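Me: I would like to go through the labels attached to this model one by one, and to see what each of them rests on.

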Amino acid sequence: MSDQSAAADVDVDLRQLFASLARNWLRILVITLLVTGLAFAFAWLATPHYKATTQLKIQLSESAYTRPAGTNEDDKPVLDAEGVATEVQVISSSDILKQVAADLKLGDKPEFNYALGMSPVTRLLVIAGLKSDPEEIPLEERVLTKMRDKLNVYGVEKTRVIAVEFSSEDPQLAADIPNAIAKAYLAYQADAKTKSNAAATAFLGPEIDDLQKQVRDAEAKVAAFRSAQSDLLMAGNNSVLATQQLSELSTELSRVRASRASAEATAERVRQALQNGGSLDAVPEVLSSDLIQRLRERQIELRTNIADLSTTLLDNHPRLRAMRSQLADLDGQIRNEAQKIMRGLLTQAQTAQARENQLISDVNKLKAASSRAGEEQVQLDALQREANVRRQQLESYMASFREVSSRKNYLPVDASVFSEARVPSEPYFPKLVPIVGAAFVGSLVLMSVITLLQELFSGRAMRPAPGARFERIEQVAMPAMSAPVVDPEPAPEVVEVDDQPTTVESELAPKPEPAPAVQEDAAIAGSEPQAEPEPVRSSLGEIDVEKAAEKLIASGAARAIFVSPEGDEAAASAVLVAREVSDAGLRVLLLDLTASGAASRPMLDSGLFPGITNLLASEAQFSDVIHADLYSDCHVVPVGTADPVRAMRAADRLPIIMQSLTTAYDLVIVECGPADAQGISRLVGDSTEVFMSMLQADDEVAQAAVELIESGYPDLTLVTPIGHETPGNPVPGRRSAA
């Protein structure tokens, strides 16, 4: 029996296990009391250590009356977590610790200078070279090392408070050293600000003198440039006079051009009206003439009289003819007057043209003058800006210099001590009661655990598990098959196939059930085993285990479904095929879905391993249900030990489990027992081969094969385990699968 099987067949007897504590109570108590006594002696004889703490608040303590001008309370810098951590490092720096050690003369105390208090044994070890001589290390370094061991500087969480904690054998020193460190830190900050102010004063003094000279030179250049360039006359709107005149002339030029264009357009319209004989009433300039208006009134009056006389006189009447003659004279006078107006407009356009030419000449002259004035103005502005910049810089430096000079005697630091260390009255180490109590409880628990482990490893606390079987499973050989009874009618011809089984429905017709031959028991003491008669092969076209393994390897199948209509005794086919394919170098897993575990039991020598039912019931993982075959490299998932009813409630997870196993293994072989087509539908996927295991070619096997073929599995293959033997796995008989 394997070690794995034996481990599954035993259980821990908790009563026997904990009874060992009662049997060994004296040893446990003696050792516990001994350890407790040693802890008491250590706590009683140990040198007491005292601890004190000084707390500093990190903030800018600036007064409202001494704050620099132009700043307020919100302008002060606020330290974040990184800033507080930086100050922690400054407080624990070597320079501050050296100053405190020198002020308190810690080098003269044996607690900090361990070279002073060496025992004779230590001196002998130093002389013998077994221990380094502490006097070879500089005194300052020895003191700093001890101070760092006893010093703890840390920032209080979520605050800007720094705690300086120090422990010492002397309670007075435990309070004096953190207070001295805090004072040294404040003095360090004040000294740093003093040096910073002194450096600022030394820098600003010469800079201010130099800037004053530069400001004077820049303002002198501005004044000299203005006096030397008389053309830069400023107008009322703070612009150069030439530029303003140019703007005004440009406006006048635009007006003159508009007037000339208007006169020319009006004269042209009058000319066109006179030449074409059109009406002059559409020209506003003609209608606005007083003479033309009077002539128009006289013309209207004559036309009215002619119309009145035409009603009583004939057309050739002398009076009518005289009035028509006067009307024609009036038209001629109106046209003559319109011609005069046209000539006046032309004269006005010529005058505007002359004015325009004069203005263009003046504008060109002013353009050159304005360009020169603009260049000179740019130079003047540049000199003025430089002078202003120098003046502003000088004023800024002078304000800073006055502020630095005023703060020589007042230097607020960024920290303050709000809780000084007090001389402790009680040591923080050793604590007698906690040490003794911890030693007692710890030693008691440790001895109890050691006793339990000894009892467990000795095997006295182990007992057989319920239902365990410690004997090896008997291997029953397959009974020999006798020749089938053949009817006198001639049987149909059977086609022999070497590698692939014949799946024609006529070949799966029921055959007469053969009568089994009686086999003598070969295990009778003192008798020789009798030779078994050669079994007669059936004619259903089945193949043996080797051919089935070759078919799976050649086809590259990922799944192989085995159906055993004859029950557990035919499940050996799946086991033998799995081992055969595994011996060929493929990764193979056999999944046992039989009710009795007929396929997995001969591979594990036990049926108490967790398996597929535990996985379906969510009681185990894949790594817990996959086991190694004892006789090959094949892996196997047994039926398991969980409740089958509860496991079948999660039968819908079988396709997912099959997909996962197919991904991990080259071939997954499933032994389904006497299942039908509907029962194996959840297990069939891509690249699946379906096999039917058989021991005898009877009606039951033939009928099951026909049903599978008709249900959608035409490539069904029959395989038999008869005649195949492997080490540790004989061919099964009628009561066992192995």
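Me: At what angle do the axes of helix α5 and helix α7 cross?

Reply: In this predicted model, the axes of α5 (residues 94–104) and α7 (residues 139–150) cross at roughly 105° and come within 10 Å.

Me: What makes α5 and α7 roughly perpendicular to each other?

Reply: Angles of 65 to 115 degrees count as roughly perpendicular, and the crossing is at roughly 105°, so α5 and α7 are placed in that class. The contact is made by S94, L97, K98, V100 and A101 of α5 together with E140, V143, L144, M147 and R148 of α7, and by class it has six nonpolar, one polar and three charged residues.

Me: How do you know that the buried residues of helix α4 are on the same side?

Reply: In α4 (residues 81–91), the residues G83, V84, E87, V88 and I91 are buried. They cover an arc of only 150° around the axis, which puts them on the same side of α4. On the other side of α4, E82 and Q89 are exposed, a word that requires over 50% relative accessible area.

Me: Why is β2 said to pair with strand β4 and strand β5?

Reply: Pairing requires at least two bridges; eight join β2 to β4 (residues 161–168) and four join β2 to β5 (residues 415–419), so both count as pairs, and both are antiparallel. K57 has V161 as its bridge partner in β4 and stands opposite S416 in β5.

Methods:
Residues are numbered from 1 along each chain as its sequence is written. This is a predicted model: local features need pLDDT of at least 70, side-chain atom pairs count only at pLDDT 80 or more; totals for chains, interfaces and linings use all residues. Side-chain values use heavy atoms; hydrogens and water are left out. Buried means under 20% relative accessible area, exposed over 50%, partly exposed in between (1.4 Å probe, protein chains only). Helices (H or I, at least four residues) and strands (E, at least two) are DSSP runs, numbered from the N terminus. The arc is that of the directions from the helix axis to the C-beta atoms. Axes are lines fitted to C-alpha atoms, for helices over the stretch in contact, and angles run from 0 to 180 degrees between N-to-C directions. Angles under 35 degrees count as roughly parallel, over 145 as roughly antiparallel, 65 to 115 as roughly perpendicular and the rest as oblique. Contact means heavy atoms within 4.5 Å. Ala, Val, Leu, Ile, Met, Phe, Trp, Tyr, Cys and Pro count as nonpolar, Asp, Glu, Lys and Arg as charged, and the others, Gly among them, as polar.
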